[in-house]
Amino acid sequence: MAYGTIYSDTIQGSTANTAPVFKDGNTVEIGQLCKAWVNFDGTSGGSVRASFNTSSKTRNGTGDWTQSFTISFVDASYTFVSTSACAPGGGWSYGLIGGHNGGNTTSNVRFRTAQGSAYTQVDEGQISCLETR
């Protein structure tokens, strides 16, 4: 059986607050959409450039952030991926995003940004986070 291309402006899940699931020809799940993402400036108190399903952000200290979700997840078993970068002295350097203090919750995720071999916590100018399941 041949499959075609679907063009659509809107795809809507049948259950509230859940993303549509993608399946292959054998009905095996092969992925879902991103459930939340944010891009913000970690040197200006968390000024958001763009986001989806994220609400308040808390700066717990240097390079230590908690990002809340607008719509909470159904459970805390999600994947958190993030990158950071800053331009000290005009040259770009890239930081590391560290683990969670206390783990994921359904309503927020806590993470840290750090640089160098000593993993010194720093405030980064470009922080991007993605949460998916």
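Aspartate 64 and arginine 110 form a salt bridge, with their closest N and O atoms 2.6 Å apart. A salt bridge here is a side-chain nitrogen of Lys or Arg within 4 Å of a carboxyl oxygen of Asp or Glu. Aspartate 64 sits in strand β6 and arginine 110 in strand β9, so the pair ties together parts that are 46 residues apart in sequence. Strands are DSSP runs of E with at least two residues, helices are runs of H or I with at least four, and both are numbered from the N terminus. Aspartate 64 is buried, at 5% relative accessible area. Arginine 110 is partly exposed, at 25%. Buried means under 20% relative accessible area, exposed means over 50%, and partly exposed lies in between (1.4 Å probe, protein chains only).

This is a predicted model: local features need pLDDT of at least 70, side-chain atom pairs count only at pLDDT 80 or more, and totals for chains, interfaces and linings use all residues. Residues are numbered from 1 along each chain as its sequence is written, and side-chain values use heavy atoms, with hydrogens and water left out.

The structure holds two salt bridges. Arginine 49 pairs with aspartate 41 in a salt bridge, and their closest N and O atoms are 3.9 Å apart. Arginine 49 is partly exposed, with a relative accessible area of 44%. Aspartate 41 counts as buried, at 18%.

Now the overall fold. The protein chain has zero helices and eleven strands. Buried residues make up 30% of its 133 residues. Contact means heavy atoms within 4.5 Å. Of the contacts in the chain with a separation of 6 or more, 50% join residues 24 or more positions apart. The accessible surface of the chain comes to about 8200 Å², and 51% of this surface belongs to carbon and sulfur atoms. Such areas come from the Shrake-Rupley method with a 1.4 Å probe; for residues, only the protein chains shown count as cover.

Next, the interior. In soluble globular proteins, nonpolar side chains tend to be buried together. The largest nonpolar core has twelve residues: Ala36, Val38, Phe40, Trp65, Phe69, Phe73, Tyr78, Phe80, Val109, Phe111, Ile127 and Cys129. At least two core residues come from each of β3 (36-41), β6 (64-69), β9 (108-115) and β11 (126-132). Strand β3 gives the largest share, three residues. A nonpolar core is a set of buried Ala, Val, Leu, Ile, Met, Phe, Trp, Tyr and Cys residues joined through side-chain atoms within 4.5 Å.

Asparagine 53 touches residues including Ala36, Phe69 and Phe73, not counting residues up to four places away in sequence. Asparagine 53 lies in the loop between β4 (47-52) and β5 (54-61). It counts as buried, at 14% relative accessibility. A polar atom of its side chain lies 3.0 Å from the backbone oxygen of lysine 35.

Serine 51 lies in strand β4. Serine 51 is partly exposed, with a relative accessible area of 36%. Beyond its neighbours within four places in sequence, serine 51 is in contact with Trp37 and Val38. The side chains of serine 51 and threonine 54 make a polar contact (3.4 Å). A polar contact is a pair of N or O atoms within 3.5 Å; within protein, one must be able to donate a hydrogen and the other to accept it, and residues adjacent in sequence count only if both atoms are side-chain atoms.

Lysine 57 is placed in strand β5. Its side chain makes a polar contact with the side chain of glutamine 67 (3.3 Å). Leaving aside neighbours within four places in sequence, lysine 57 is in contact with residues including Val38, Phe40 and Trp65.

Finally, the surface and β1. Phe22, Ile30 and Leu33 form a nonpolar surface patch, with about 290 Å² of accessible area together. Patches are made of residues with over 30% relative accessible area and no salt bridge: like charges are joined within 9 Å, and nonpolar side chains (Val, Leu, Ile, Met, Phe, Trp, Tyr) within 5 Å. Leucine 33 lies in the loop between β2 (29-32) and β3. Leucine 33 is partly exposed, at 38%. Valine 21 lies in strand β1 (residues 21-23). Valine 21 touches Glu29, Gly31 and Gln32, not counting residues up to four places away in sequence.
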